Amino acid sequence: MKNRRKTIIRIMVAFVAGLALLTFFSNTIMNLTIPKVMGEYATRGNLAYTNTATGTIKVENETKITGVEGRTIDKILVSSYDTVNEGDVIATLKPVENSDDLKELQAQLLTLQREKEYAERAPSSNTLTTYEQAVDTAQDTLSEAQEALTAAQNKQATIDSADATILDQSAQLAEYQSALDYATAEKAGYEDQIKAIDDSIKPLADQITIYQSYGYQITIEEDTGYYRFTDPDTGLTESDPVGTTPVTDGEKIRELCYQINQYIDAKAPIQSDLDAAQAVIDSNSASIAACELAITNAETAKEAAEALPSVSDAQKLVDTAQTGLSTAQQSLSDAQVNAGIEADKAQDAADDRDKSIEELETKIAELEAKIEQTEIKAPASGYVYNISIEEGSVMEKNQTIAYVIPVDDRQCTATFTFPSEVASRLSIGDDMDVTMGYVDSCTIINIKPDPDNPREYKQVKCAINDAYAFPGESITVRADKSNKDYECVIPSSAVNKDNSGYFVYQIIGSSSPLGDKYTVKRVDVTVEDDDGTYAAISGEKLDKDAMIVVRSEKPLEDGERVRLEDFDSDKKKT
Amino acid sequence: MDAELRKQRRLAATKARRNVFTETVHPKSYFELMTDEEREAFFARERKRSTTALKQRKIRKTILTAIGLVIACSISLLALVPIFFTFLNSFMSSDEIISNYSVIFQSMSGHNSSGATYLSRTPVLKLIPEEVTIKQYTTLLFMNPAYLFKFWNSIILTLPIVGGQMAVACLASYSFARYRKKRREVLFFSYIILMLMPFQVTLVPNYMIADTLGILNTYWAIILPGVFSTFAIFLLTKYMRQIPSGYIEAATIDGATEWQIFTKIAIPLCKNAIFALTILLFIDYWNMVEQPLVLLTDTELQPLSVFLAQINEPEIGIAFAASAVYMIPPLLIFLWGEEYLVEGISRSGIK
C-alpha cells in the first residue's frame, strides 16, 4: 500500500513538474511554432503611385575635349564652368623631351618597307607540277586497271568466243579440206586426162613437126593452140572432112591437125574443169589458211584470256588505282589549298604590311604633329566643366579631359529607371512630376527596356526644360497618374503570387476561453492595379471587413495558426 | 440410528444423575408408526421434494444474480462510457472530431452568426478513431499556453481552499465536539443550515462581500469563502463526536494540554476522515464552475473547469484531450487516498 502511494505521489509530482516545464517553455514553443504576422484592413481609395526614380542630368550637345596621348599637362588655364570661346587655350603642354616613340615607329616603318621589297622580289614557285604528274600517272594506272578489270570481267566470254571460233573454224577447215581433197583429186583426174590427151597429141604433134620439117605450113594458133593447115593442094583446111583414109600428106596433115584440134577441143573443157578445180583448190587453200589463222588467233586470244587475273584481283587493282588516284588528287587538292593559303597568307601579310605601313605613316605623322603641339584649345564655345586633369598629369589615349557645354540652347536629358508595369502607364510627351531637383519641367521623350533587366524595368528618358540645368545634377521624378477609386486597397506586400495566380491571406479571428485565436485563410484575388506600395485587389471570396496579412515572419499556409503583432483596431477604416 | 442411540444414552445418563427411574410412556411418533416401507417411501418423497426445492432456489438465485449483475454492469457502463468516450476520442484528429461532432453546435445559439438551426444530421458518436494521433495533446500542451495557465489557476485556487478548509475544519470540529454548550450548538445548527442551503443562495452575498472587501476578480474572492465552508466542519464534527470521551479524559488525567489532546489524539483518530474529506474537497473545488464564473470576470484568472464548461465549436478539436488531462489530478488524488476515502466515508456516513 505504501509503495502504491509512493508511486502515485511520484506520478503526481512528475505530472505537475511536466506541466510546470510546459508552462515555462510555452511562450518559447509558441514563438517557434506559430508565425507572427502583421495585419491590416483593406481601405477604399485610390492608388498613389509613389514610384519615384532618380536620374542625373546629362547634356546631349556637349563637346568633349580630348587630350593628347602621352603628353604632360603643363598648366591648366581654365576652371570648371569658365566660359570659353572656340580656339581658346584650355591648357598648355610640356615639350616632348625625347622622341623615342617616333624613332621606334620610324624603325618599324623601315623594317616593313624592306620586307615588302623582299617579298616583291621573291620568285614564285610552282609546287603543283609533281602532284599533277602523280595524278596523271595514277589516272593511267586506273585506266589500265579498269581495262584489265573489263577484260577480266569478259574473260569467260572471250574464252567461250575463242572456243566457238576454234570449233567453227575447225569445222569449216574440215569442210574446206575435204573440198580441197576432192578438188585435188579432180584436178589429178583432169591432169591425167589432159596428159592422156597431150600424150595423144604428142605423136600427132611429132608427126606435124615432121610434116613441118617437110615444109608444110602448119600454123599453131598461139591463143588457142589450134593447128591450122590449109592444104595447098586442095585448098582444104583441116576442118574440111577427109576421106576415110587420108592419102596425101595434106590430107594426113589435115587429118592430123583435125585430130589434134579435136584433142585440143576435147582438152579445152577438161582444161577448163582443171582450172575450175585449181580455182577451187586455191579457194579452199585460202579458206583453210584463213581458218587456220582464225584458229590460231582464237587460241592465242584464249591463252591470253586464260592468262588474265581474276575479277576480284582486277577489282583490287582498280581499287588500289582508284585509291592512288584519290590520294594523288587529295594531295593535289591539299597542295592547291595550301598553295592558296600560302598565297592568301602572303597576300594578307602583304596587305597587313601595307596597312601597317600606312598606319605607321599616319602615326608618325600624328606623333610628329603631337610633338609639335604645345597647347590644347577649346573645340567649341561654352562652359568648361568636368575637368579631369591636373597640372603635371600625363594624358592617356582618347582621354576626355573636359567637356564644353553650350551657354545657351543646352539640350539636357535625364534617364530614369522604372518598373515595366509603372512605365507601361507612361507615354512619350507626358510631363513627369519632379519631386526633388530644380527644373522647370521634365518631358518624356523616350521609353525603352533597361539593358540590364529588360523584362522587369524600363528606362524612361526625359528632356529637361530648364535654362539653368547643368549636367551632373540629380533630380527625382514621380510616375503618378492614378485617379481611380478602388474598393479594396492593401499594401503590395500583402499580395502573394504562385502558379495559380495572386492571393492574399485573410486573418480569421476567433475568441474562446483559451484566448483569441487567429488563423489565416487563403483568398484568391485579382490585382486590379499596383503602384509599387499599394495594390488594388478584388475577389469574390474576399471579405472586405477582414484583416489581411501584410507581413509574416515565415511563409504561411492556408489554415495555419498565426499570432498578431501591432494589431490596432483603430486602423480599421470604414 | 446414531441419533436414536444418542437419545437413549442421554436418557440413561439423565436417569443415572437424577437417580430416579421413571418409566414414562413415550408416545410413538409418526415415523414410529410407519412401517419400514412407508418410512422409506416417505424419505424418498421428502428427498425428492427437498432436492427440487433446492434446485428451484438455486435457479432463482442465479437468475436474480444475473439480473442484478446486468443492471449493475449497465449502470457501471453508463457511468464509465463518458470516461472511455473522452479518453478514446482524445486520440482522434481535430478534423475527425469536427467532422463527427460539429453538427452538435448547429443547435446552439449564435452558431455562425445566423442563430441556432436544426441539426442537419445526427452526430456520430465514435469510440474508435479513424487514425490514432496525439495531435490533440500536442496542440493542447504545446500550442495553447492559456490552457496551462488555467490549469495553474485551478491548482492555485484548489490547493489553498482545501488546505485552509481542512485546517479550519479540524479546529472548529474539535471545538464543536469537545465543548457542547448551548451557544455552540446554536452555532453548529447555523452551520448545518448553511450547509443545507443551495450554493446559489450564498453566491450573491459572497459577491457583495467580495466587492466590499475589494477582492472581487482576485483569487481571494474564491479562496476565502472556500476556506470557511461548512461542509467539512459538519462532517468532521460528526466524526470527532464518535471519539470515546474516555480517551480524552485519560489524556487530561495524564496532564495533556488541550493542544496535545487535539494533535495527539483527535487528529490521528480522525485521519481517515480528514483524508477522505481532503479528497472530496479537492474534487469538489477542482470542478467548481459557478464561483469563478461569477467572482472572476477576468478570464485569465478563471480555472480550467470554467474553460471546460465553455467549450464551444472553435475548441472542439482539443476538447477531449483537454478533458482527459483535466481528469488526471482528481484521479491521482483518488488513487492516492482511496482507502482513507472508503474508510472515512463508511465510518462518518458521508453521503
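Helix H10 of chain B, residues 231–240, is largely enclosed by the rest of the structure, because eight of its ten residues are buried. The buried positions in H10(B) are Ala232(B), Ile233(B), Phe234(B), Leu235(B), Leu236(B), Thr237(B), Tyr239(B) and Met240(B). The model is a predicted one, and a residue is called buried here when 20 or more other C-beta atoms lie within 10 Å of its own.

Leu236(B), together with Ala273(B) and Leu277(B), has the most contacts inside the largest nonpolar core, a set of 40 residues. At least two residues of this core come from each of H6, H9 (220–227), H10, H12 (258–269), H13 (271–286) and H16 of chain B. The biggest contributor is H13(B), which gives ten residues to the core. Another core lies apart from this one and has 39 residues, including Ile90(A), Val384(A), Ala414(A) and Ile475(A). In soluble globular proteins, nonpolar side chains tend to be buried together.

The axes of H4(B) and H16(B) come within 7 Å and cross at roughly 105°. H4(B) is therefore roughly perpendicular to H16(B). On the H4(B) side the meeting residues are Ser94(B), Ile97(B), Ile98(B) and Tyr101(B), and on the H16(B) side they are Ile316(B), Gly317(B), Ile318(B) and Phe320(B). By class, the residues of this helix contact are six nonpolar and two polar, with no charged residue.

H16(B) also takes part in the contact between the two chains. That contact draws 23 residues from chain B and 22 residues from chain A. On the chain B side, two or more residues come from each of H5 (135–143), H6 (145–178), H15 (304–309) and H16 (316–336) of chain B. H6(B) provides the largest share of that side, seven residues. The residues of chain B that touch chain A comprise 17 nonpolar, four polar and two charged.

Chain A is next. Its secondary structure consists of eight helices and 25 strands. Of the 574 residues in chain A, 22% are buried. Among contacts in chain A with a separation of 6 or more, 77% join residues 24 or more positions apart.

Some of the strands of chain A form an open sheet of three, in the order E5-E7-E10, with antiparallel pairing. E5 (73–76) and E10 (375–377) of chain A stand at the edges with a single partner strand each, so one side of each has no neighbour in the sheet. From one strand to the next, the twist averages 25°. E7 of chain A, residues 89–93, is joined to E10(A) by three bridges, and the two strands run antiparallel. Within this pairing, Ala91(A) has Ile376(A) of E10(A) as its bridge partner. Residue 90 also lies in the range of E7(A), and Ile90(A) is among the residues of the 39-residue core.

Ala365(A) counts as exposed, because it has 10 C-beta neighbours inside 10 Å.

Conventions: Residues numbered from 1 in each chain as written. Chains lettered and ligands numbered in written order. Predicted model: local features only at pLDDT ≥ 70, side-chain atom pairs only at ≥ 80, totals over all residues. Contact = placed C-beta atoms within 7 Å. Helix = DSSP H or I, 4+ residues; strand = E, 2+ residues; numbered from the N terminus. Nonpolar A, V, L, I, M, F, W, Y, C, P; charged D, E, K, R; others polar. Buried ≥ 20, exposed ≤ 12 C-beta atoms within 10 Å, placed from the backbone. Core = buried A, V, L, I, M, F, W, Y, C linked by C-beta atoms within 7 Å. Pairing = 2+ DSSP bridges. Axes fitted to C-alpha atoms, helices over the stretch in contact; angles between N-to-C directions. Parallel < 35°, antiparallel > 145°, perpendicular 65-115°, else oblique.
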